[in-house]
Amino acid sequence: PVNVDSSASCTALGVTPDMAEDYEFMWFYYDTAGERHLADPDVTEIQSSVSDDGYMVSTITIEARALIVGTQRFQCAVSHKIVDNCGAEHTTTCTAEEILIVWSNTPDVNCVHQFDEATLETTVLGIPGLSLSDVTLTSRTTGRVITSSDPAGDDFEDNYLTGAYDEYDQLVITLHTTDTTEIRTENFFVSVYGQPSEDPE
């Protein structure tokens, strides 16, 4: 989600810690024009680790202030330098692309009369074609979680979700509720793939 630091990892298969000094990881990003740039150390942090299989891993963490809503491309490059018998240095490089998707959702406020059906609508920005089944709404007030599997019109359900797509193929979620017998204010937050759009606290 937006306003959260994000990370991506790259594993150098076959490169073990005892070989690490002969290999170098570098990270790049692509701007909106498709041009590649070296990752900015002012907004990124790169750390090395070892995978469960014993191979070297490089992880880049990007500060939230450097991310925008939508799809962003990063590239991990692993270079190997060797010196031949004549003293000449040779470098081979392997690259892999990583995709980060940053999303947010639009706010909505609705007031209804007691006992009337209420609806709230929010659009998930940054993930075209998102499925309603990958989204949940959680009441910060009661802790109740509402998913697309909650049946509409069921005698035991007073909240359910419906979905549609706007002209940009972005998912528009509508929460329908008939639970309006109690006069109150209720606040909800959205989660996509289990990740909340904001701090649920």
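What radius of gyration does the chain have, and what would a compact globule of 201 residues have? I looked this up before anything else. The chain has 23 Å, while a compact globule of 201 residues would be near 17 Å. I note that the model is predicted.

**Entry: overall form**

I took the extent of the C-alpha trace next. Along the principal axes it spans about 85 × 35 × 25 Å. Then I asked what the chain is built from. I found 15 strands and zero helices.

I checked burial too. Of the 201 residues, 32% are buried. Residues 24 or more positions apart account for 58% of them.

**Entry: surface and charge**

The accessible surface of the chain comes to about 12400 Å². Carbon and sulfur atoms hold 49% of that surface. I counted 7 positive and 36 negative charges in the chain. How far apart are the mean positions of the positive and negative charges? I get 5 Å.

I started at strand 2, residues 23-30. Strand 2 runs antiparallel to strand 6, residues 70-83, and seven bridges join the two. I looked up two of the partners. Trp27 has Cys76 of strand 6 as its bridge partner. Phe28 has Gln75, also in strand 6.

Strand 2 also pairs with strand 3, residues 36-38. That pairing is antiparallel and has three bridges.

I moved on to strand 6 and its pairing with strand 7. How many bridges are there between strand 6 and strand 7? I count 14, in the antiparallel sense. Val83 stands opposite Glu89 in strand 7. This hairpin has five residues between its strands. Gly87 in the hairpin takes a positive phi near 85 degrees.

**Entry: the sheet with strand 8**

I followed the chain past strand 7, residues 89-102. Trp103 lies in the loop between strand 7 and strand 8. Is Trp103 buried or exposed? Trp103 counts as buried because its relative accessibility is 3%, and the cut-off for buried is under 20%.

I then compared Trp103 with His113. They are ten residues apart in sequence, yet 33 Å apart in space, C-alpha to C-alpha.

Strand 8 joins strand 9, residues 118-125, over two bridges in the antiparallel sense. Ser104 stands opposite Leu125 in strand 9.

I checked strand 10, residues 135-139, against strand 11. Three bridges join the two strands, which run antiparallel. For Thr136 I found Thr147 in strand 11 as the bridge partner.

Methods: Residues numbered from 1 in each chain as written. Predicted model: local features only at pLDDT ≥ 70, side-chain atom pairs only at ≥ 80, totals over all residues. Heavy atoms only, no water. Pairing = 2+ DSSP bridges. Helix = DSSP H or I, 4+ residues; strand = E, 2+ residues; numbered from the N terminus. Buried < 20%, exposed > 50% of the residue type's maximum accessible area, 1.4 Å probe, protein only. Rg over C-alpha atoms; globule rule 2.2 N^0.38 Å. Contact = heavy atoms within 4.5 Å. Areas by Shrake-Rupley, 256 points an atom, 1.4 Å probe, with all protein chains shown as cover. Lys, Arg positive; Asp, Glu negative; His and termini not counted. Charge placed at Lys NZ, Arg CZ, Asp CG, Glu CD.
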